Amino acid sequence: VGFIVGDAEALPFADGEFDAVLCECSLSSFQDKPRALAEIRRVLGPRGRLALSDVVVDRHRLPKELDGALAAFACIGEALSPRGYEELMVEAGLRPIAVESRGEDAAALAERVEDRLRGARLLGLDRASGSPIAADAAIGLAATARQAISDGVLGYSIFAASL
């Protein structure tokens with residue numbers, strides 16, 4: 001296994017070089033999602049497959065507290081609905097073949113984040129000089145996110161697509 005630094009919107013690989021591509025919880029943060037998916041399509045071989053996992057959101061029901069600047073750091077800011085991801089894949093020439101909602105994974109992650117924030121507050125890390133952490137506010141946002149996950153407004157899904 002090796003790592004190559006590259007730009008998702010201009011992958012440094014030849015056409016058809018891969019049998020499969022894994023895009024793990026990152027498409028939501030890309031500036032030009034259609035371009036990134038077109039690049040994934042380009043580097044896939046004739047029977048290539050894509051496995052994509054990411055945050056999913058129902059923008060119409062998303063609490064305002066989760067749609068601000070901090071949302072970008074939590075991968076919520078530019079996340080799409082499950083249908084939105086599927087439409088982007090189709091536009092890129094990929095055929096969605098499966099989707100799996102993993103709301104329980106999103107709930108577990110949100111709970112771990114909230115626990116860590118509470119720990120940071122107990123240790124006084126939110127009061128450290130120059131600390132960007134405002135623990136009480138962040139804990140409140142984590143609790144709001146957990147409720148949004150419980151309500152089906154926010155989640156995590158895994159998508160599979162083929163050529």
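Are Tyr-85 and Phe-159 buried or exposed? Select both residues to begin. Tyr-85 is buried, and Phe-159 is buried too. Keep in mind that this model is predicted.

**Stop 1: the cysteines**

A disulfide is a covalent bond between the sulfur atoms of two cysteines. How many disulfides does a search of the whole structure find? The count is zero. The cut-off for a disulfide is 2.5 Å.

Now look at the surroundings of each cysteine. Cys-23 has a relative accessible area of 6%, so Cys-23 is buried. Cys-25 has 27% relative accessibility, so Cys-25 counts as partly exposed.

**Stop 2: the aromatic rings**

Turn to the rings next. The structure has two aromatic pairs. Select Phe-13 and Phe-18 for one of them. Their ring centres are 4.9 Å apart. Their planes meet at 90°, so this pair is edge-to-face. Phe-13 is partly exposed, at 23% relative accessibility. Phe-18 is partly exposed as well, with a relative accessible area of 27%.

Go back to Tyr-85 and Phe-159, which also form an aromatic pair. Computed from centre to centre in the model, the value computed is 5.4 Å. The planes are 45° apart, and the pair is tilted.

**Stop 3: across the chain**

Where in the chain do these two partners sit? Colour helix α3, residues 82–91, to find Tyr-85. Then colour strand β4, residues 154–162, to find Phe-159.

Note on methods. Residues numbered from 1 in each chain as written. Predicted model: local features only at pLDDT ≥ 70, side-chain atom pairs only at ≥ 80, totals over all residues. Heavy atoms only, no water. Buried < 20%, exposed > 50% of the residue type's maximum accessible area, 1.4 Å probe, protein only. Phe/Tyr/Trp six-rings, centres within 6.5 Å; stacked < 30°, edge-to-face > 60°. Helix = DSSP H or I, 4+ residues; strand = E, 2+ residues; numbered from the N terminus.
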